Amino acid sequence: MKLGLEGRTAVVMAASQGIGLASARGFHAAGANVAICARSQDALDEAAASMPGCLAMTADVTDEGGITAFIDAAQRRFGAVDVLVNNAGGPPPGSFSELDDAQWMQAFELTLMSAIRAARAVLPGMKARSWGRIVNISSFGVKQPVPNLTLSNSVRMAVLGWAKTLANQVGPDGITVNTVCPGWTRTARVEKLLAQQSRESGRTPAEIEAALVKDIPLRRTGVAEEVANLVVFLGSEAAAYMTGTAIAVDGGVSQGYA
Ligand code: NAD
């Protein structure tokens with residue numbers, strides 16, 4: 001299969017580690033120019049070291065000015081942005097009764113507004129060239145709510161509704177919008193969730209993971225590259241007839257049919 005990514009430019013938000021970084025590496029390996037952002041220059045420099053020619057720039061995805069400065073810099077360096085991968089850290093866990101308005105608004109900025117603002121920055125160029133790919137990294141929580149991830153389960157549904165609506169609006173311009181829904185993927189985020197559950201329950205992280213994988217048909221957690229493979233495919237020419245989808249890469253854990 002030809003991905004057709006040689007010479008294209010992919011901008012991956014929040015990509016100094018985890019699924020974002022694995023996706024950036026996937027685009028780079030496929031011959032695309034790559035730009036990544038995150039909040040720490042040190043972490044970015046380490047991440048970019050494995051991708052010669054990569055633009056690595058600090059930007060907080062909750063800061064509109066940071067997003068536009070980063071995307072402008074990618075456009076200046078590479079001439080255009082063809083692929084936008086929306087990613088961010090996940091909102092913190094917590095039950096409904098523990099969450100105040102400030103936390104809800106923070107989750108809204110981090111998960112929904114970051115994607116909207118980045119899309120707003122890249123869409124004029126994509127429309128002018130009649131080609132573009134927007135891929136949102138979401139969660140299997142949009143297929144089936146994950147216990148205690150109240151903010152994530154809620155705000156990610158807004159991203160899904162926005163993405164499907166946007167797909168309808170920009171399809172005629174040759175732009176696709178798709179969402180990738182990872183399941184339990186062994187990254188720093190999951191290590192943190194396991195450690196937190198361990199503190200709360202008194203069980204070891206290994207015991208918690210063993211209980212977790214019992215509910216996963218493939219009986220293991222995933223790795224970031226397994227999610228990145230779909231991100232890169234959906235960002236490529238090869239996925240030209242796919243738009244408005246939300247696809248799980250979750251070892252079968254979510255129990256809906258779609
Ligand atoms: P991660 O914590 O390993 O990596 C997150 C990346 O985002 C890091 O590079 C971090 O520096 C960057 N980042 C965080 N907040 C930022 C901000 N405000 N501005 C700029 N950069 C920021 O996470 P991950 O496991 O790779 O997950 C990526 C996304 O997928 C998250 O939204 C997560 O909730 C979601 N997800 C992950 C899993 C999983 O099992 N790993 C499962 C479902 C959904």
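On helix α2, the face turned away from the buried side carries D42 and E46, both exposed (over 50% relative accessible area; buried means under 20%, with partly exposed in between, using a 1.4 Å probe and protein chains only). This is a predicted model, in which local features need pLDDT of at least 70 and side-chain atom pairs count only at pLDDT 80 or more, while totals for chains, interfaces and linings use all residues. Residues are numbered from 1 along each chain as its sequence is written, and side-chain values use heavy atoms, with hydrogens and water left out.

The buried residues of α2, which spans residues 41–48, are L44, A47 and A48. They sit on the same side of α2 because they cover an arc of only 90° around the axis (taken from the directions from the helix axis to the C-beta atoms). Their cover includes α1 (18–29), β2 (33–38) and β3 (55–58). Helices (H or I, at least four residues) and strands (E, at least two) are DSSP runs, numbered from the N terminus.

Then there's the sheet: 7 strands, open, ordered β3-β2-β1-β4-β5-β6-β7, with parallel pairing (two strands pair if DSSP finds at least two bridges between them). At the edges stand β3 and β7 (246–249), each with a single partner strand, so one side of each has no neighbour in the sheet. From one strand to the next, the twist averages 20° (axes are lines fitted to C-alpha atoms, for helices over the stretch in contact, and angles run from 0 to 180 degrees between N-to-C directions). Strand β6 (residues 175–182) runs parallel to β7 and is joined to it by 4 bridges; V180 has I247 in β7 as its bridge partner.

Helix α8 (residues 224–234) packs on this sheet, touching β4 (83–86), β5 (132–137), β6 and β7, where contact means heavy atoms within 4.5 Å. The direction of α8 makes about 170° with that of β6.
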